Amino acid sequence: MKKKGWKELPEGAIIPAAPTSPEFKTGDWRIQKPVWNEDKCVHCLLCWLYCPDSAIKVKDGKVVAFDYEYCKGCGICEQVCPPKIRAIEMVKEEI
Amino acid sequence: MAVKNRKRMALTGNEAYAYAMKQINPDVVAAYPITPATEIVQIFAKYVADGLVNTEFVPVESEHSAMSACVGASATGARVMTGTASQGLALMHEILYIASSLRLPIVMAVVNRALSGPINIHCDHSDTMGSRDAGWIQVYTENANEAYHSVIMGIRIAETVNLPLMVTLDGFIISHEMEVVEVLEDQEVQEFIGERKPLYNILDVDNPITVGPLDLQDYYFEHKRQQVEAMKYAKEVIKSVVEEYNKKFGTDFPAFIEPYRMEDAEYAVLAMSSAAGTMKEAVDLMREKGEKVGLVRLRVFRPFPFEELREVFKNIKAIGVMDRADSLNTMGGPVFNETRSALYDLETRPKMMGFVFGLGGRDFPIEDAIHIIERVKALKEGKKVDMVEYIGVRE
């Protein structure tokens, strides 16, 4: 994307639209990636609750997917997944 | 500089400023008291209490909060004013930059007072000179009458270019001394300032926007470049607003500089604010003795009117520049430094020297003004002078 010059940008450094955060794909910050094991998952939804990027997709009360466009790879989901379950594992991101 | 056939009131600088604020009737005033500016918002708070204005008055817990509240209010499109001095302005410092970068036309009275330390409450320009690079338009006024009219013009200027603006008056010398002020009618003020047309409104829920997002390596520079352009535009706007005001109300305020007896002058002094009044007297006395000396009063320091100064000084042989603040850079004060820089490109460069005077409210009597003229004359004649001389200080 070609960035706008000072003559084209809105004055006052405002962003004249909302919401704009969906356009900010934070997934490329990731160096570790959560891998979800659907067979082990008990759908307690702790990961969904704690995920700071709303990157865990839930449908009808069940985890259905991880959204890697926004997941920053922070590893919180792995930490909060109950120890007896361990349905999420952080692995090195392969580019 | 008198307004013809106008209502005349005996007012101190602070009273005149507060009276202008009453006629402007801003939407929001957020302020914290500080000597010698306290009276401005104190008198204004009484107008609020008496129901003479519709302003939302926010009595905050510090100047940092005052300017923060002004920024928030101004971002909703409200017309916002405040007043402060010295330490109060220093405490606002970081928010001054926020106001200008968000392009919020807040208009503020700054009653010039020395910055601590050592602690002092009297006049010098170290406070506003400390905020000279904060992106605010700065107007320095000579007397209460000029301060009053400059506030009204200031609203129009600030809201046209979308930059904050401070009108300064010398602490105690102007803020507390009573003068005749020729005021406009309320209706005239309202018609002249019109309605604010904001760049944006943060409370417009139908058109949501983000104000103050993180602005890193890839955009910050562009937004600073826009501020430079806004300051260039401010020069055009100041000129046209002052001209329109003079035409409409029969005043004769200068836009950027006021040349005084400069017609055939060979050497000159550049001064700001109340000291220019004393210097006019000294120039008159020296003119009676046949000296070809003139004065230029600098009224707007930001944006810096370098083109006007080049024009007025192009045939002048020697110039003395007065600063009521020292940059502590061992080469004088900011007015001297910037004026010297502005004149560097002249075909025939004048000789120049700086004078630092009046720090911490040190009196500036006519004898000192004459002494300055004599020193500039010595400079013109090629005699040895210091690059910067300190006036009125004990050795």
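In the predicted model, strand 9 of chain B runs antiparallel to strand 11 (residues 293-298) of chain B, and four bridges join the two. Within this pairing, B:Glu258 stands opposite B:Arg297 of strand 11. Both strands belong to an open sheet of six strands in chain B, ordered 9-11-10-13-14-15, with mixed pairing. Strand 9 (257-260) and strand 15 (388-391) of chain B form the edges. Each has a single partner strand, so one side of each is left without a neighbour in the sheet. Neighbouring strands of the sheet are turned by 20° against each other on average, direction ignored.

Two helices of chain B pack on this sheet. Helix 9 (residues 275-288) touches strand 9, strand 10 (267-272), strand 11 and strand 13 (318-323) of chain B. The direction of helix 9 makes about 170° with that of strand 11. Helix 11 (residues 334-343) touches strand 10, strand 11, strand 13 and strand 14 (351-357) of chain B. Its direction makes about 145° with that of strand 13.

Chain A contains two helices and four strands, arranged along the sequence as β-α-β-β-α-β. Its radius of gyration is 17 Å, well over the 12 Å that the globule rule gives for 95 residues, so chain A is more spread out than a compact globule. The C-alpha trace of chain A spans about 60 × 30 × 15 Å along its principal axes. Buried residues account for 17% of the 95 residues in chain A. Of the contacts in chain A between residues at least 6 apart in sequence, 63% join residues at least 24 apart.

The contact between the chains involves 12 residues from chain A and 17 residues from chain B. The chain A side comprises seven nonpolar, three polar and two charged residues.

Terms used:
Residues are numbered from 1 along each chain as its sequence is written. Chains are lettered from A and ligands numbered from 1 in the order in which they are written. This is a predicted model: local features need pLDDT of at least 70, side-chain atom pairs count only at pLDDT 80 or more; totals for chains, interfaces and linings use all residues. Two residues are in contact if their C-beta atoms, placed from the backbone, lie within 7 Å. Ala, Val, Leu, Ile, Met, Phe, Trp, Tyr, Cys and Pro count as nonpolar, Asp, Glu, Lys and Arg as charged, and the others, Gly among them, as polar. The radius of gyration is taken over C-alpha atoms; the globule rule is 2.2 Å times the number of residues to the power 0.38. A residue is buried if 20 or more other C-beta atoms lie within 10 Å of its own, exposed if 12 or fewer, and partly exposed in between; C-beta atoms are placed from the backbone. Two strands pair if DSSP finds at least two bridges between them. Axes are lines fitted to C-alpha atoms, for helices over the stretch in contact, and angles run from 0 to 180 degrees between N-to-C directions.
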